[in-house]
Structure formats: C-alpha cells, structure tokens
Amino acid sequence: KMTQQMRDLQLAQARKPPGPSSPNAAKRLYRNLSGKFRVNYTSFDEGSLVGRGEKEKLRKSYLFQSNAALFEAVELQDLDRVQELLKQYSPEELDLNTPNSEGLLPLDIAIMTNNAPIARALLQAGAKESPHFVSLESRSLHLSTLVREAEQRVNELTAQVVNEAPNADCSEKEKQLKAWEWRYRLYKRMKAGFEHARVPDAPTNVHLSVASSSSVQVTFWEPLSVNSAVVTKYKVEWSCSPTFSPPLGEAVIDKLKNLHFTIRGLVSGTAYYVRVSAYNMKGWGPPQASVPPFAIPSSKYHGDRPQEPTLPVEGLRGQVKTVHQHCVCHEPCKNQPQSRKHSVSKSLKHLFHPGSKFLKTLKRGLYLTAIFYKDDNILVTHEDQIPVVEIDDTYSCLLMQDFLWFTKVSCMWDEILWLRQCVTVSQSSCSCILQTRFKMLLAISQMQGLLGIQDLGQVFFEPVKDKQGNILIVTLKEVKTSQTFESVRWVPICKLQTSRKSVSSPEEPTALDTLLISLQDKLAYHQRSSHALSPGLYLGYLKLCSAVDQIRVLVPEQLPNILCHVKIRSNPNISREEWEWLQKMVSMEEPVPAEPEAETSQNHLFQELQVAIKELMTLVNIPLQEAKDFRLYSQEVLDFGGQVSFLLLLPPSDDVCTAPGQNNPYTPRSGFLTLPLQIFELGEE
C-alpha cells in the first residue's frame, strides 16, 4: 500500500525537476517532503555529474537508488531485501555509513526499532551508528525533534486537506499526508524503542588463554538477554590487578564477525586479568571477568620460542654441485675420448628430435605420464591421448625403492640435467638400480622437452599397474593461469573418458584405462593434499603399518597431508603451565589423573582434551575403553608455522606400527587411506 502511494506521488510531481527514475527512488520521495530535509536532486544530477559521461551518470544514479533501497528495506523491516542488497553491493557502494538527511544511518533505524536480525546483518557488513549521537541526551533530543516535526507536518497537511476543495492539488496533499503519517509512526516507534531499552547484560563464556610468551587471547559470546537493545560493540580491559586499578589498557571491538581479541606486547611471566563488557545505544553494560580470571603469557619454552634451525637448502645444493664438479670421480667425464662426448651429445640431440613423440599405446614396461588439469579440462596430445613417455621397456628391478626415489626427484624438476650428469658418472658399475634411475631422468627430460615446461607437479602416491605388466608413474599439476604448452591441447575430462572407453577392453583394462577410470579420484586427492588447516591446537593420531619394502601411515582422505586429527581449540599455543601439567599427567602411573583445580587454564585444557580424545576415538573406530592404554607424546608440541600445533596421541608401543600379517581388530571407517611414509613427508612439507 505504501509503495503504491509513493508511485502515485511521483506521478503527481512529474513537473518538478527530475530525480532518479527508478521505482525505488519514488519510494524514497516520502523522506523529502519537508523543505528542511529535501534532497537537492538537481544539484546531484546536474552539478556533481556535469561533464561526465552518460555511463558514469547512470552508475551514480544506480548506486544512489541502492542506498535509498537499503533505507527503505530497513524501515519496512524486510530482512530478505536487506541481505540481498548487502550481498549485491559493497558497503562503499551502498554508502552504508553515510547519514541520510535526517542524520540517521540504517543501523540506527534497525536498533531503535529493535530489529535484531537486520541489525546483526548490518553489523556483519561493517555498519556503524551515527556519529551525531555523542550522548544519550543528544539521541533523545534528536528523536524528539524528528517526532515533533513529523507531527507538525501531519497537522499542517491535515488542515490543508480539510479546508481545500477537491482538486488535483488536494489529491497530492492527501498522499503527502499519508506518507508523513507513516513516517510519524516510524519515529514514534524509534523513540519508544530507545526509551524502553536498557544497557546490555555482561557477555557470556568469556574465556582467557595464553597465545604466546607476550600475548593472551580472550574469546566471548554475546549476552544472553533478549530484552535489551542490540549490542553494537564490546570493550576488552586488562590489568595486573584483580580490581583493575590501575588499568593497563583497553580495546573497543566493533567488528563483530569473530568475537575474540588478542592482547599483545605483554610481559612474559606476569599475570594479567581481563574482563569484557558490551555496549548498545543506552551505554556500556557491566563487565564480565574471564575464566580463568588471569593468564600468564608464556610458551612451553622458558621465554620466546627458539627458532628452529633451518637448512639453507639452496646453498647446500650449490655446494654439492660445486664439489661434484671438482671431485675425482668427475675427471673421467672431463677427460673421456672425443668419440664418447660425441656419442652422448648425439643421444641428447636425438632426445629432443621431432621423432621423439608421446606414446599412443603401452607395451610391457615402466612409463611416465603427466596429468595437467584446469577446471574440468585436461591436457592431451593431438591424438587425444594423455602425455606418456617410456622409462624402461625391460624393467625388472624392485619398484618401490625406485618409485620413492622418483618422488624425491620431483622436488628438483629444474635440476634434472645436473642429476643426469651425476648419475651418468656412476654408470660404470652397471647397477640395475642406477640404470633404471638414469632412464627415469631421461624420461623426465623428454616429458619436459615435449611439453615445454619444467615443473611436472606432484607425484601420485602409488603407481598404476595392469595385468599386462605395465606400470605408470603419474604426476599431477593444476594449471590456474593461462599457460601455453607445446604439442598438446585442452579437452574436457568426460570427453576423454568416453572416447577411451569405446576402444578399451573392460575385461582386462590397461594401466591407461585404469588411470582414466580413476582420474577424478586422483585429481581430488591432488587438490585436497594442498589444503591447509585453520589456526589452532589439534590432537593427532599416529598409526603406522609396515610391509616388506615400506612403512605406511594412516591419513584422512579429505586432508591426506595431515595425520588423522580433531581440533582441540582455536588457540595453537601451549602455555608453560599447561605444558608442565601435561608432563605431570603423562608421567603419572594412574591411568586417569586427578582433575586440576577449577577456573584454571589447565582445567580448561583437561576438559578440551577429554572431548577431543572421545571424538578422535570415534573417528578412527576405536572403543573408548581401549583409549586408557593410549598415551600422549610428551617430548614436544609439533609446531607448523606458528599457527597450527599438534599434540600426538599414540597407541600402545606394540600397536604403533602394525606388522605384516598382524591382526588389527579396529579398522577405521571409510574416509581414510594409508600413504607411504616418504610420500607423506613430502606432502607435509
């Protein structure tokens, strides 16, 4: 009904200077019925946009209408429309924190009409309260003025409608009267909302923890009460005294997406008390002390965490190359007859000769294939084949050791030529292993040359085999930029799979058929293996199983580069007090240690560990009663970059690594796989 009134009003005012032509702009006109609050459309359209192109003029007008639409949606309490606008436009485009002609912001209207859902949506988007309201008195006076002026305007229009004869002008005034009556009711509702509101209750679940040797972190939830006005900000205070006299510092938090704050620059070993209070339009509420009441900045190390020694890998590699070039074993290569040099040179030229092409079919042997993918497309040769080159057609050596060596080579794709020179020098021994590895390096060089790219990506954790004796080593790489390759092109994965299925034998699929059938799984594995954990402290489960030629580690399919784990808390730091308590707990002979005192960080960690252990045992399908024989690894906290840390939960000594043929009564549910330990170590890096 109100919308139709505004549209009629716009038609009646058609002879006035034109404003924005959108229907939403028409709805906004009822804001500007008062001469005092009228927006100067002429100056907006003709002054600020003079000399600009028509496109810029339309964009400005569109954004202006979006701002008007947001005010309208808030006033009409249309939550869906508010969320739609906040998603469609940025805060800058909406002028989210620019007061309107009445000195109000969208957030002011939402909180004074006590519309908590809309107020929270605006706060999440970064909305602020109007800077005009510097005190409770100024807000009350402003609302009273709006109500009084709206009432006065209603009385004036009522008198004009009653006294004038029916005509076009009278019809227009009737519409203006209805609009002002609606606005009068809105202002009265806002004024009543402000008068009946009270200061907020204290925040809940205020928890304090040690973040490092010089900082503490406080987390909290909003107040439980639903009777007070919407909370728009919080204040965190800290002091060395439980009475907060004197206070050491405070911080106001007005970005409410995450209710936590880290207090930095503190003195290690000093106790700090923290409390949090909430604010709404009626002022600050009572503070809530944290649990525990104080925290002492520290880490499990006495003082700052020592820097772990880092190996200058590039420097060491350069030293090794320099030493290798001048060592005795390299002299024969330098002094060998000219004919030998010519032979090697000729063979290298032949490697990159146009006659060297990708293979179309597999014979019995060892092969290298490179999978490059982008979205749902995969890189193939001009014959619509996955790029494959031969490594060895007479391969008969132990595969796993050569395969693991190949995975280490994948960390040095740009050093293949140098590695070939190193292996060539040692070929006089005629070792089967050395010959195979030299052929691997040749195949890598050939693949790099044919594709015109050095980095072939990550090696899949196991080769693909078939009954014909073919073995495929698979590398995977996601292409995220526009990158050109030689002798290849992009095709949809589904198209490649369909065309391959029509020529393959379902009874005895080749290694290439098996690769294509499981291609989506391999691509999913590759993408998941690059995911990182969110910051926090985790409880990991170490479970190994051994075979004749390798040791494998249990990992989740969703994060194969990380041990099986559950999150303990968001704070990755272990304080000195917590670490000392953990050490004491591990050293106790009792299977279940006594619970620490209440309202201490140790007690909170104890409760978090209990929950995490139960969740982890359920995850890996181990009965909880068996967990009494498990133990925490107490030598160190595993630190990954300062933002992620791990406590390890270990099975009994005899069950950490399951031997071949050993019965394991507790098998994890689906969603897990076992990786070769060397592959896991590479992925972890």
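Author: In β18, isoleucine 551 is the bridge partner of serine 546. Keep in mind that this is a predicted model.

Reader: What makes β17 and β18 a pair?

Author: Pairing needs at least two bridges between the strands. β17 (residues 544-546) and β18 (residues 551-556) are joined by 3 bridges, so they count as paired. The two strands run antiparallel.

Reader: What is the strand order of the sheet that holds them?

Author: The order is β23-β17-β18-β24. This is an open sheet of 4 strands, and its pairing is mixed.

Reader: Why are β23 and β24 called edge strands?

Author: β23 (657-658) and β24 (672-676) each have a single partner strand, so one side of each has no neighbour in the sheet.

Reader: Now β14. What makes it largely enclosed by the rest of the structure?

Author: Buried means under 20% relative accessible area. In β14, 8 of the 9 residues are buried, so the strand is largely enclosed by the rest of the structure.

Reader: How do you know that β9 and β14 are paired?

Author: The cut-off is at least two bridges. Strand β9 (residues 365-374) and β14 have 9 bridges, so they pair, and they do so in the parallel sense. Leucine 368 stands opposite isoleucine 473 in β14.

Reader: What about β12 and β14: how many bridges do they have?

Author: Strand β12 (residues 458-459) and β14 have 2 bridges, in the antiparallel sense. At least two are required, so the pair qualifies. In β14, threonine 475 is the bridge partner of valine 459.

Reader: And what links β13 to β14?

Author: Strand β13 (residues 464-465) pairs with β14 in the antiparallel sense over 2 bridges. Lysine 465 stands opposite isoleucine 471 in β14. The two strands form a hairpin with 4 residues between them. In the turn, glycine 469 has a positive phi of about 90°.

Reader: Where is serine 487 found?

Author: Serine 487 is in the loop between β14 (470-478) and β15 (488-492).

Reader: Why is serine 487 called partly exposed?

Author: Its relative accessible area is 39%. Buried is under 20% and exposed is over 50%. The value for serine 487 lies in between, so the residue is partly exposed.

Reader: What does serine 487 touch beyond its neighbours within four places in sequence?

Author: Serine 487 is in contact with Phe358, Thr381, His382 and Leu450. Lysine 357 is 130 residues away along the chain, yet its C-alpha atom and that of serine 487 are separated by 9.1 Å.

Reader: Finally, what does the protein chain contain overall?

Author: It has 22 helices and 24 strands. Buried residues make up 46% of its 685 residues. Among contacts between residues at least 6 apart in sequence, 72% join residues at least 24 apart.

Definitions and conventions:
Residues numbered from 1 in each chain as written. Predicted model: local features only at pLDDT ≥ 70, side-chain atom pairs only at ≥ 80, totals over all residues. Heavy atoms only, no water. Buried < 20%, exposed > 50% of the residue type's maximum accessible area, 1.4 Å probe, protein only. Contact = heavy atoms within 4.5 Å.
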